Amino acid sequence: MATFTLNRMHLLCRNTHCRSFFAGFIQRAQLSTLESVRNNEQCKLEYLGGENNGIAVISMNRPEARNALGKQFLREFADCTNVVKFDKNLRVVILRSLVKGVFCAGADLKERAKMTNEETGPFVAGLRASVSEVANLPMPVVAAIDGFALGGGLEVALACDIRVSSDDAKMGLVETRLAIIPGGGGTQRLARAIGPAKAKELIFAARVFTGKEAAEMGVVNHSVEQNSDGDAAYQRALKLGQEILPQGPVALRAAKFAINRGSEVDIASGLSFEEAGYSQVIPTKDRREAMQAWLEKRKPVYHGY
């Protein structure tokens, strides 16, 4: 049974025995995934400590293929997202690359060239699902784009809530050059980010643009000057994460839910999603802690429930 289904069943249980039963299954699923992540070669997961406690970093690390989205890479990437999505102690996830000058070069064309027509469809569907898993993570996700983000690489970044790039990064949905279209959600997420007309221009022309141009168009939130270490976008993403860390974790998840769902419907329906999100925070101990901390003139200590 998928861990998502297990989690839903756990939430729907009305008695302690039932909740404990499903909680055990969820814990074992997470532990097995954590074990597999420790052995990952192409996609690594790190939990930061100290002042950055509550931030997890997913690092792409396939230098020989410029982080191309191959089969092994996608398996390891899915392992990482499966770990973080069930961790209620996490406030922020940062997605970055450990390969200097590259975020993600997109599809692994060497692998793709060997696929039959029958194999290509399911593979692309799996890629689309992996990218959607990023968009569906309950906590804020920040993409740190310190280099090339082309095709599927940009699609992964577009699935994140916030995007930061170096000014010299190169981006683009260039699939039409290969007589195909973006298959990892790019046609939808880019259009929602910058509007259909501009998205059509960029996709039809297979245009490659810089991080600075991306910020001007609204493809990324921030563009920063690259540093000598080649990780300026990651450093800026880390600062954003530190800004998010002090906020209530249940509130962060509820706000993301309300914005994501509400932005796809009319405003009346969107307000109902906001109401549903607000109802999630009302009974939490964190909300009561916030009120008490305000009365006592101290910083609140949140626990995520």
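User: What makes G270, F273, G277 and V281 of α12 count as buried?

Analyst: In this predicted model, a residue is called buried when its relative accessible area is under 20%, and in α12 the residues G270, F273, G277 and V281 are buried by that cut-off. Seen down the axis of α12, these buried residues fall within an arc of 90°, so they line one face of the helix.

User: Which residues does α12 carry on the face turned away from its buried side, and what makes them exposed?

Analyst: That face carries A268, E275 and Y278, and the term exposed requires a relative accessible area over 50%.

User: What do the buried residues of α12 pack against?

Analyst: They pack against two helices, α11 (249-262) and α13 (285-295), where contact is taken as heavy atoms within 4.5 Å.

User: How do you know that the span of α12 agrees with its number of residues?

Analyst: Helix α12 holds 15 residues, 267-281, which at 1.5 Å a residue should span 21 Å, and because its end C-alpha atoms are 21 Å apart, the two values agree.

User: Why is D266 called a cap of α12?

Analyst: A side-chain oxygen of D266 lies 3.1 Å from the backbone nitrogen of A268, at the N-terminal end of α12, and a polar contact asks for a pair of N or O atoms within 3.5 Å.

User: How many cavities of 30 Å³ or more are there, and what lines the largest cavity?

Analyst: The count comes to one cavity of 30 Å³ or more, and the largest cavity has a volume of about 30 Å³. Its lining consists of I58, F77, T81, V93, L95, V134, L137 and V141, with α3 (71-85) and β3 (92-97) each supplying at least two residues.

Technical notes: Residues are numbered from 1 along each chain as its sequence is written. This is a predicted model: local features need pLDDT of at least 70, side-chain atom pairs count only at pLDDT 80 or more; totals for chains, interfaces and linings use all residues. Side-chain values use heavy atoms; hydrogens and water are left out. Helices (H or I, at least four residues) and strands (E, at least two) are DSSP runs, numbered from the N terminus. The expected span of a helix is 1.5 Å times one less than its number of residues. Buried means under 20% relative accessible area, exposed over 50%, partly exposed in between (1.4 Å probe, protein chains only). The arc is that of the directions from the helix axis to the C-beta atoms. A polar contact is a pair of N or O atoms within 3.5 Å; within protein, one must be able to donate a hydrogen and the other to accept it, and residues adjacent in sequence count only if both atoms are side-chain atoms. On a 1 Å grid over the protein atoms alone, a cavity is a set of points where a 1.4 Å probe fits but cannot get out, and a pocket is an open set with protein on both sides within 12 Å along at least five of seven lines; lining residues have an atom within 4 Å of a point. Grid points are joined across faces, edges and corners, and a volume is the space filled by probe spheres set on the points.
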